[in-house]
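Here are my notes for you on this one. Keep the viewer open while you read, and click on residues as they come up.

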Amino acid sequence: MYDATHLFEPEVMTEEEKLARFTERIENGEKIEADDWMPAFYRDTLIKLISMHGISEIMGALPEKEWVPKAPSLRRKLGIMAKVQDEMGHGQLLLRVVEDLMKPYEKTRGDLMDDLFTGRLKFHNVFHMPTRTWADAGTIGWLVDGAAIITQTNMLGASYGPYARALQRICAEEVFHAQHGESIIMALAEGTPEQKAMIQESLDEWWESLLMFFGPATKETTGTSKQDITIAYKIRTKTNEELRQNFFTKYVPRIQSLGLVIPDPTLRFDEESGQWIYAQPDWSEFKKIIQGGGPRSKERLALRRTSYQNNAWVREALAETMA
Amino acid sequence: MTETFYQEFEVFSKRTPNAAFTHQFSLLAPNKEMALLMAQENFMRREPVVDIWVVKRTDVRGLTPDEKQMLTRLDNKDYRTTKGYGYLKKKWRHYEQQMLDEKEIMSWQGGDSK
Amino acid sequence: MTEQERTALAALLYQLADDDFLYAFRGSEWLGLAPHIEEDVASSSIAQDSMGHAAMYYQLLEELGEGKADALAHVRLAHERKNSILVERVNGPGYYMETPEYDWAYAVVRNYCYTLAKKIRIDALKNSSYAPLAVAAVKINMELYYHLLHWQTWFTQLYQATPTARQKMDAALEQVLADFGDMFDYGEHGDVIEEMRLIEGQGILLDRWYQTLTPTLVELDVTLPEMRMSSNGRNGEHSADLNDALSTLGEVYLIDQSAVW
């Protein structure tokens with residue numbers, strides 16, 4: 001196509017005008033695309049949010065893959081293999097979105113991996129935890145993915161188009177994940193006393209992590225929170241606490257219906273305020289975990305680093321075949 | 001220096017033989033053969049697919065935000081659409097005939113003109 | 001079918017089932033660790049397909065009265081397993097949950113050589129005198145085009161890439177061929193298996209494997225190392241790698257075999 005752009009005077013806009021136009025587009029509900037002008041704080045907020053989301057999917061594959069070979073039937077082996085595959089696939093989608101956002105900074109997937117290894121790029125608290133039993137694989141599928149569905153559907157209408165489209169794909173697959181988790185949990189809950197004990201013990205172990213997953217209610221709790229910017233620029237709509245409350249509403253009755261006991265005697269729905277009252281998790285522990293001080297943080301990072309370095313020769317070799 | 005991570009390919013696929021190609025997503029691969037090997041499993045694991053294209057992103061000539069101005073049109077082109085000929089309906093009624101509208105004409109596929 | 005024939009048929013089905021079961025397991029250990037995220041996702045489908053094929057063969061054994069498919073997959077001890085040595089070999093030193101030192105060149109060469117052998121066996125099984133097996137072979141064959149194209153592409157691209165890659169591929173090929181000797185062996189019931197025309201003779205299939213592989217090797221200027229038989233897996237003679245694999249694969253199932261999982 002003939003490039004006619006030189007025939008026209010490019011529209012000269014000051015930074016203020018560009019920002020005003022950008023803000024107007026967001027307020028009109030328009031989607032921002034990768035090559036559109038966007039203010040640095042919007043780009044940087046997206047990079048931070050989506051790289052953490054993407055790398056969490058990739059790191060999240062590790063605790064679950066531990067149970068792939070051990071899954072207790074041929075069908076379970078297939079189901080959990082497909083699920084771990086999806087996690088890596090979600091990581092792929094999200095990293096592609098971030099990679100395009102990072103272009104002006106001349107950064108690539110390799111830089112994201114370096115940031116992960118140096119601790120600059122964090123991943124979700126839940127993936128720092130050990131998976132000790134098969135029931136933990138079920139809990140991850142049912143409740144961790146349940147929590148993830150709540151946070152991800154909250155961003156389906158994100159103002160950044162490529163992220164919204166990646167989330168559409170991801171959420172469609174999360175429906176399978178939720179049912180995969182339910183199926184494992186249901187079998188254990190209806191099983192032998194040992195199987196029932198296994199799932200109760202798993203719930204006891206994971207409850208606090210699940211509450212932490214949504215993040216602190218306010219930045220006063222841990223010192224940082226990006227939720228104000230993400231809401232103002234229509235990347236998400238609900239606050240961390242609203243999402244946590246949604247999780248209680250959707251999952252507490254289901255957990256209890258299976259005869260499981262939630263390990264928080266203070267948990268109750270307060271009719272007057274319309275809110276769930278619950279015991280706060282230890283937020284200093286949360287901070288420690290996402291900074292790499294969780295029970296399995298070092299091992300999981302070491303595993304990722306070892307495999308990444310061992311395979312460097314493959315990427316170098318194939319880079320030679322680029323044409 | 002950071003590691004080379006291949007190049008970007010845009011992936012398109014057809015869902016059924018009669019469907020048009022639809023853009024799916026993008027992936028990183030060293031070359032088009034590898035890109036083709038990755039495409040289906042990365043983006044179409046659960047849906048039917050009858051054909052795939054992979055296109056190197058640098059071969060796609062898209063519009064810059066500025067060039068998108070070329071897509072603007074005035075809303076004065078009803079002579080191009082059926083909207084500009086709606087008055088015929090009343091006219092045909094006068095001749096005791098029905099107008100052949102889009103719904104009617106598109107129903108003739110397969111030579112089945114009732 | 002005489003008792004001897006039934007035993008021979010079961011022996012062949014165990015070879016097919018155990019091969020794909022262990023092959024899929026080794027593939028699944030790579031989940032999350034492949035050199036490239038897009039490849040991780042793609043090769044996971046191959047491991048899944050292969051586990052699906054194993055499940056089909058175990059189902060045929062269940063229908064033959066050998067026991068429940070899940071029990072056959074999870075309970076049988078190493079000396080009862082009939083898989084080839086190649087598929088039981090570890091991906092490299094180190095446990096898959098800690099610091100596995102996996103070798104992608106070995107994965108590519110093993111997967112390519114195995115998939116080519118599998119394709120040749122499946123084509124032969126389409127004419128099996130045991131109809132249920134012939135039906136399964138036609139189905140399984142449908143997924144092999146992609147598997148073979150996938151590993152053939154990796155095999156040729158890595159061989160043509162850099163001197164380092166070529167060196168690693170050569171070493172891997174040496175390692176794979178050292179275990180390949182029992183791949184087309186039918187074990188102690190081989191004579192009956194061939195007489196019953198369950199599948200063509202092992203010599204014919206092995207020749208076909210060489211013939212199919214040769215043009216690729218010629219193009220890449222690769223000399224095939226000597227094929228050896230470290231031990232005969234078809235007769236239940238296995239390496240220690242298999243014991244470790246089986247204790248992982250059966251860990252949860254064996255907690256309570258009568259429970260519903």
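The points below go through confidence, the core, the cavities, a pocket and one histidine.

1. First, the ground rules. This is a predicted model, where local features need pLDDT of at least 70 and side-chain atom pairs count only at pLDDT 80 or more, while totals for chains, interfaces and linings use all residues; side-chain values use heavy atoms, with hydrogens and water left out. Residues are numbered from 1 along each chain as its sequence is written, and chains are lettered from A and ligands numbered from 1 in the order in which they are written.

2. On to confidence. pLDDT is the predictor's confidence in each residue, from 0 to 100. Chain A averages 94, with 95% of the residues at 70 or above. (Helices are DSSP runs of H or I, at least four residues, and strands are runs of E, at least two, numbered from the N terminus.) Chain B has a mean of 91, and 93% of its residues reach 70 or more.

3. Now the largest nonpolar core, which has 205 residues. (Such a core is a set of buried Ala, Val, Leu, Ile, Met, Phe, Trp, Tyr and Cys residues joined through side-chain atoms within 4.5 Å; buried means under 20% relative accessible area, exposed over 50%, partly exposed in between, with a 1.4 Å probe and protein chains only.) The members touching the most others are A:Trp207, C:Trp104, C:Phe180 and C:Trp209. Helix α5 (residues 104-125) of chain C provides the largest share, 15 residues. Click on C:Trp209: beyond its neighbours within four places in sequence, its contacts (heavy atoms within 4.5 Å) include C:Cys113, C:Ile120, C:Phe180 and C:Met227.

4. How many cavities of 30 Å³ or more turn up in the whole structure? The search finds three. (On a 1 Å grid over the protein atoms alone, a cavity is a set of points where a 1.4 Å probe fits but cannot get out, and a pocket is an open set with protein on both sides within 12 Å along at least five of seven lines; lining residues have an atom within 4 Å of a point.) The largest cavity holds about 170 Å³. Its lining has 17 residues, with C:Gly27, C:Trp30, C:Ser43, C:Asn111 and C:Trp151 nearest the centre. Helix α2(C) gives the most to this lining, five residues.

5. The second largest cavity holds about 140 Å³. Both chain A and chain C show up among its 15 lining residues: A:Met113, A:Arg304, A:Tyr308, C:Ala34 and C:Ile37 lie nearest its centre. Helix α12(A) gives the most here, with three residues.

6. Next, the second largest pocket, with about 1100 Å³ of space. Of its 38 lining residues, A:Arg165, B:Glu10, B:His23, B:Phe25 and B:Arg57 are closest to the centre. By class, the lining has 13 nonpolar, nine polar and 16 charged residues. (Ala, Val, Leu, Ile, Met, Phe, Trp, Tyr, Cys and Pro count as nonpolar, Asp, Glu, Lys and Arg as charged, and the others, Gly among them, as polar.)

7. Last, find A:His90 in helix α3 of chain A. Is A:His90 buried or exposed? It counts as buried because its relative accessible area is 0%. Leaving aside neighbours within four places in sequence, A:His90 is in contact with A:Glu57, A:Ile170, A:Glu173, A:Glu174 and A:His177.

How values were computed. Grid points are joined across faces, edges and corners, and a volume is the space filled by probe spheres set on the points.
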